[in-house]
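Dear colleague,

Please find the structure we discussed below, with its sequence. My notes on it follow.

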Amino acid sequence: MVLLATGALIALLLQSRHDVDREARNRSVAVAETFAHSLGLQGALKTPHPSTILQPLAESTRKDAGVDFIVVMDTNGIRYSHPKPDRIGKRFVGTIAPSLAGHTYTESVNGPLGREIQAVVPVKAADGKVVGLVSAGLTVKNVSGVVDRQLPVILLAIATGLALATAGTALISRRLRRQTHGLGTHEMTRMYEHHDAVLHAVREGVVITDGDGRLLLANDEAKRLLGLPEGTEGRYIGDVPGLDRRMSDLLLSGRVATDEVLEAGDRLLVVNQRPTHTRGRAEGSAVTIRDSTEMRILTSRAETARRRLKLLYDAGVDIGTTLDVVRTAEELAAVAVPRFADYVTVDLADSVLDGDEPGPGADMRRTAVSGIRSDHPLYPRGRLIDFLPSTPQARGYGTGEAELVPDLSEAPGWQAQDPPRAREIIDFGIHSLIAAPLTARGVVLGVVNFWRSQKPEPFDEDELSLAEELVARAAVSMDNARRYTREHALAVTLQTSLLPRALPEQSAVDVAHFYLPAQSGVGGDWFDVIPLSGSRVALVVGDVVGHGLHAAATMGRLRTAVHNFSSLDLPPDEILARLDDLVQRIDHDADDAADPGGGVLGATCLYAVYDPVSQMCTLARAGHLPPLLVAPDGRTEFVELPAGPPLGLGGMPFETAELHLAEGSQLVLYTDGLVEERTRDIGEGLELLRAALSHPDRDPQESCRAVLDRLLPARPTDDVALLIARTRTLGVDRVAQWEVPFEPSEVATVRNAAARQLDAWGLSELGFATELILSELITNALRHGSGPVRVRLLYDHALTCEVWDGSSTAPHLRYAATTDEGGRGLFLVAQLSEHWGTRYTPEGKVIWAEQSLPGAPGTPPATEESALAAFLDVEPL
């Protein structure tokens, strides 16, 4: 009714609006045409002041005609009349082109009076020429008012209909609830379906009789127990064929019976009978019947099954609590004693203990022994056993089938393995054996031996199947432990090969580091110390979410990428941005390859660059924990860095922060495995880290040991990486720099100054090569770059020549042709230096070249002849 009423209301409103709109347009056309054909209109249009005549006439006609406006205008749309006199003389708002062509045109526009429905009619002379236009119309507000006046009548009619429908529905619903006791149709249907399903599904007979002794209902179980044929419902109980007389008498008596036992053929039935009371009086009986004969058998079987299920359940819970092969074998042996066997021994192929897959005929090592007594004569734990082919252990290992030996005293094949020990075992009282191979995923890992001594009866076939099921469940846990052992060893090997084995030579910081993989599996934490040009050094720490080979391999890819990006001398935020792109590509490639485990679940990184000359440290992080700074005076603080999103999310830029580090400051980089643990939150761990490092007098190695003593958990659940760097400075006596005027003649001046500085440093042997390098680099900066130009020499573990200029154009090495006048400068620099490159600054770029110091290992004496000898193998140009 509501939907019908709503539909009717919408239809009536739409129809009313349509009719009113149509009526408004028709009235506008009629009024406009009538006024356009009125006498004297054309004469008034020809007068010098038409508005004087037309305005009063139009207003009088408008009021009589019941429209909101009548506008007379010339062919250019200039009004001669309007309800608002200030609009006279202004251009008409609307379309006049159709009317100028001689047609009547209606439209809806936003006019001076608001939203208007108007008609425009041409005023034609006798010759048919249009000499003016007349527009008449109504505002939409007045049109809508007509509809609004009709709306109460419509709503009243709808409300009356809904009230009548509601009253009728309430009366009908009240009667239905009284008839169904308040249950709805859905509830009644569901109740009937549940009643019927439960009645015929229960394993107990149900019989219902009426007060006249007729059988009203018998479920399937009652028909089976009483032997009732089909179609017995509705018949008198005494006439039901096949019904036992004693049962029939009980049903007809209607008396109360509680757990009354009756014989019905070969069955022993337990009967309960209660009278039914409908509407306050007894009208029949409800009877339940169960077969106690089957119950006794089922009870015995259920108890046996319960014990088996309990054993298997305990095995599922107690076996495989760790991913340790030996521990899993011990749990298997412990769970079966004494509930299933008196003694249990587990023999595994020797290669399984190392995580490898066993081969055929492998020797087995006794991994676990459990028994009701400790003085048994069985082989001890740790014994390497080469079972003979005649033994059930060897046959089971070869075929994968369990074997039952009911009487060990009559098993010559088993006794042949070790006759003296076999005699001791039999004399000890062990008389029966089940040898069940541990088979997982088609591979036999070993053999589990179940020995019996206390019970005089041997193992039977049912117990053999139970032993097979027990061992099958344990085999999966054993194989998981074996695979984990192998994967853990591979991951440790992979990670060890990927992490830095020795830190590179550099003089910017003194470094101490520590790394410990998680006990539950190798993860993806890493750290690095990367020397950069200009005696700078990069400190890196990162964390890949997850454990295992994938995490270790991903860590290796990211660490390699960091090295490659660092070689480009990029700032920290750009390096993190490129790492972010790399992780996104890894994830995209994994999605394309349909490899759910091939992507990167998450990775964080902290990248810092320290310059020992300026003592400035530039840092950026991608979701990693902030570093801890220990000042020389002992103050400790966590560096406030923009957090940045973890690697791989994309879409967000990374930001850098700069710090000025006094000489002797310690910068501490770490991963969350150090400060976060199950027994404490990360805030507590950070405070412990701060407390452990509040002793600036310690060197980095001592600080590292103090942190580990305070924070390192006994069994870390995550990788732990720690990097402590104490800053050093390159003194002013090791740095020389000059501002170079932007004149080619200044090259010689700087070259001579550099030669004097090398003499002062005792590096005269490098003078010739250094002068050549500076000449080429400064000349290139003056010729191809822009000012200002600056030269800097750094005397560190190598001699570094740096030329700064304001251009960002990158030089590149090339072979010059025979006819080229230039192009050989960088080639000379590359031949004379150990390393060279370019790094960019906010003001431009720096071209640098490093030369090994005289006397360094593997470095020949640097002379003018040796410098020229570097070009003797160059092809003539």
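**Notes on the sheet and on one helix residue**

Within the predicted model, Val630 has Gln666, a residue of strand 24, as its bridge partner. The two strands concerned are strand 21 (residues 628-630) and strand 24 (residues 666-670), which are joined by three bridges in the antiparallel sense.

This pairing belongs to an open sheet of five strands, whose order is 16-25-24-21-22 and whose pairing is antiparallel. At its edges lie strand 16 (509-516) and strand 22 (636-638), each of which pairs on one side only. Ignoring direction, neighbouring strands of the sheet are turned by 15° against each other on average.

Helix 18 (residues 682-692) touches strand 21, strand 22 and strand 24, and its direction makes about 145° with that of strand 22. Helix 19 (residues 700-711) touches strand 16, strand 24 and strand 25 (720-727), and its direction makes about 30° with that of strand 16.

I also examined Leu312, which is located in helix 9 (residues 292-318). Is Leu312 buried or exposed? Its relative accessible area is 4%, and Leu312 therefore counts as buried, the cut-off being under 20%. Leaving aside residues up to four places away in sequence, Leu312 touches Leu466, Glu469, Leu470 and Arg473. The C-alpha atoms of Leu312 and Val471 are separated by 9.8 Å, although the two residues are 159 residues apart along the chain.

With kind regards

Definitions and conventions. Residues are numbered from 1 along each chain as its sequence is written. This is a predicted model: local features need pLDDT of at least 70, side-chain atom pairs count only at pLDDT 80 or more; totals for chains, interfaces and linings use all residues. Side-chain values use heavy atoms; hydrogens and water are left out. Two strands pair if DSSP finds at least two bridges between them. Helices (H or I, at least four residues) and strands (E, at least two) are DSSP runs, numbered from the N terminus. Axes are lines fitted to C-alpha atoms, for helices over the stretch in contact, and angles run from 0 to 180 degrees between N-to-C directions. Contact means heavy atoms within 4.5 Å. Buried means under 20% relative accessible area, exposed over 50%, partly exposed in between (1.4 Å probe, protein chains only).
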